[in-house]
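Please read it alongside the sequence and the structure.

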Amino acid sequence: MAEWSHSVGELVDQLGRLPGIGRKTAERLAYHLLRVPQAEALALSESIRRVRENVRYCETCFNLSEGPRCSICADPRRDATRLCVVEQPRDLMSLEQAGAYRGLYHVLLGRIAPLDGIGPDQLTIDHLVDRVRSGSFREIIMATNPTVEGDGTSLYISNLLSEYALEVTRLARGITAGSVLEYANREILADALNGRQKF
Amino acid sequence: MASEKTDALVLRTIEFSETSLVVVLLTRQFGKSSALAKGARRAKGPFEGALDLLSICRVVIIPKSGDTLDLLTEAKLQRRFRAGERNLGRLYAGYYVAELLREMTDRGDPHPDLYDLALETLEELDGETDVRACLLRFELQTLRLLGHAPTIDRCAACGSEVPEGGRFGFGVTSGGVLCAACRPATRQVVLLRGATRETLRSLLSEAAVSGPPPPVPAELHGELRGVINRYITNLLGGPPRMQSYLAAASPTIDGQGRRR
């Protein structure tokens, strides 16, 4: 049976390690890189190199950043009295793309998952408490994922922050706008009823 | 292979790809199952966010033979475990229930009575029932239903009667109480009070499998917790991960592990 040359085989192996990329897709991508102009293929490798060398975690909020502080922490127009706590940088990006929030963020880099051996010490919770202690926040918005472990992480943090004079809130949950009550399951309806708001 | 419909409790979820999960389930009819749920991480689809830790679902599963993962094609949420929204001690107790079920049950070995006990325990943890009594009942009934219950009435080493009253020896590796003759020659023996033996007996009784958990006197809780921790550690070949978190379920220790 014919085989790829050594270097192509190595590229297929490397591409196949990426999330969501199986062997077939890796082979297709490798073949694509061999067909495009050399400059285009090398631009990809250069981008990967630059990202790995330049991108790090923001010293303040642990978002991805190319300098010591990310663009959000460095922006003086952001509301410095509100802090939104998320699990991962990609959650921060989703909230930013919603365009409804102008405060600051803190990225935990995970969630407390004792069954997987992940405890509070492996997250950036200590830094969060230091920020709250030395900052002028009036509200902390817990925006961890609405899962058992996400809720547990939020509860742990809100217990830690209970000694500070600030409001700890969490994202609303319940019925999706544009859907109908008839098809919502009872847990969603219970969430919506428990979190109802005044007109 | 034909698909099967059953009730299931989610014991663990592992991210498998951008959109899929591997889930470990305890099903009522088929025992433990590790299954691939394709597209489960998408908001829309046949799972609708039902596959969260400790959720109770109605699932459709295609069993596979050998070591291959079963295939989960549908999950409808029946009840979510909500203790994590208000009390860390109750949340960690729920995690511990999931861990014990995962470690102590096997694929294709159904225990409907254990499944029902697990659901009742989670409902109690989600409510106001005393967490410590609830967990002790769950642990001892799980041991009984799976055939690992410690011997309480007779010596675990020689089978002779062990008189009631006074302190007695409990052999962690022998699997129960020890008579005065066997105790000196046995390793890993814990000395317990007579009242502890009575409480162990009531927690292990068949009648205690449902309904409110039998009361556990506060002064005996530490002794019971210690001996059951050691017994389960010996059975599993190591301590469960959540064992160290159970302190959060104690009324004298807060959710962050600080003494109140």
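Chain A and chain B bury about 2,400 Å² between them, 50% of it on carbon and sulfur atoms; buried area here is the accessible area (1.4 Å probe) that two parts lose on being put together, summed over both. This is a predicted model, in which local features need pLDDT of at least 70 and side-chain atom pairs count only at pLDDT 80 or more, while totals for chains, interfaces and linings use all residues. Residues are numbered from 1 along each chain as its sequence is written, chains are lettered from A and ligands numbered from 1 in the order in which they are written, and side-chain values use heavy atoms, with hydrogens and water left out.

**Interface of chain A and chain B**

- The contact (heavy atoms within 4.5 Å) takes 26 residues from chain A and 29 residues from chain B.
- On the chain A side, A:Leu115, A:Val148 and A:Glu187 lose the most area to chain B, and together they account for 31% of what that side buries.
- Across this interface there are five salt bridges, a salt bridge being a side-chain nitrogen of Lys or Arg within 4 Å of a carboxyl oxygen of Asp or Glu.
- Seven residue pairs, both residues at pLDDT 80 or more, are in polar contact between chain A and chain B. A polar contact is a pair of N or O atoms within 3.5 Å; within protein, one must be able to donate a hydrogen and the other to accept it, and residues adjacent in sequence count only if both atoms are side-chain atoms.
- Helix 6 (148-160) and helix 7 (186-194) of chain A each supply at least two residues of the side of chain A that touches chain B. Helices (H or I, at least four residues) and strands (E, at least two) are DSSP runs, numbered from the N terminus.
- Helix 6 of chain A gives the most to that side, with eight residues.
- The residues of that side divide into 10 nonpolar, six polar and 10 charged; Ala, Val, Leu, Ile, Met, Phe, Trp, Tyr, Cys and Pro count as nonpolar, Asp, Glu, Lys and Arg as charged, and the others, Gly among them, as polar.

**Salt bridges around B:Arg82**

- B:Arg82 forms a salt bridge with A:Asp191, the closest N and O atoms being 2.8 Å apart.
- A:Glu187 also forms a salt bridge with B:Arg82, with the closest N and O atoms 2.8 Å apart.
- The pair of A:Glu187 and B:Arg82 crosses between chains, from helix 7 of chain A to the loop between strand 5 (70-79) and helix 1 of chain B.
- A:Glu187 counts as buried at 8% relative accessibility, and B:Arg82 is buried with a relative accessible area of 17%. Buried means under 20% relative accessible area, exposed over 50%, and partly exposed in between (1.4 Å probe, protein chains only).
- A network of salt bridges links A:Asp151, A:Arg170, A:Arg173, A:Glu187, A:Asp191, B:Arg82 and B:Glu85.

**Salt bridges within chain B**

- The whole structure holds 39 salt bridges over all chains.
- One of them joins B:Arg58 to B:Asp7, the closest N and O atoms being 3.1 Å apart. B:Arg58 lies in strand 4 of chain B and B:Asp7 in strand 1 (residues 4-15) of chain B, so the pair ties together parts that are 51 residues apart in sequence.
- B:Arg58 counts as partly exposed at 33% relative accessibility, and B:Asp7 is partly exposed with a relative accessible area of 26%.
- B:Asp153 forms a salt bridge with B:Arg201, the closest N and O atoms being 2.8 Å apart. The pair links distant parts of the chain, 48 residues apart: B:Asp153 is in the loop between helix 3 (131-145) and strand 6 (168-171) of chain B, and B:Arg201 is in helix 4 (residues 194-204) of chain B.

**Nonpolar cores**

- The largest nonpolar core has 97 residues, of which A:Ile125, A:Ile140, A:Ile157, B:Leu9, B:Tyr95 and B:Leu101 touch the most other members. A nonpolar core is a set of buried Ala, Val, Leu, Ile, Met, Phe, Trp, Tyr and Cys residues joined through side-chain atoms within 4.5 Å.
- Helix 1 (residues 88-104) of chain B gives the most to this core, with 11 residues.
- Apart from this core lies another, of 17 residues, among them B:Leu25, B:Phe47, B:Cys57 and B:Leu77.

- A:Phe62 is not a glycine, yet has a positive phi of about 70 degrees. A:Phe62 lies in the loop between strand 1 (56-57) and strand 2 (64-65) of chain A and is buried, with a relative accessible area of 13%.
- B:Leu54, also not a glycine, has a positive phi of about 70 degrees. B:Leu54 is placed in the loop between strand 3 (31-37) and strand 4 (56-62) of chain B and is buried, with a relative accessible area of 1%.
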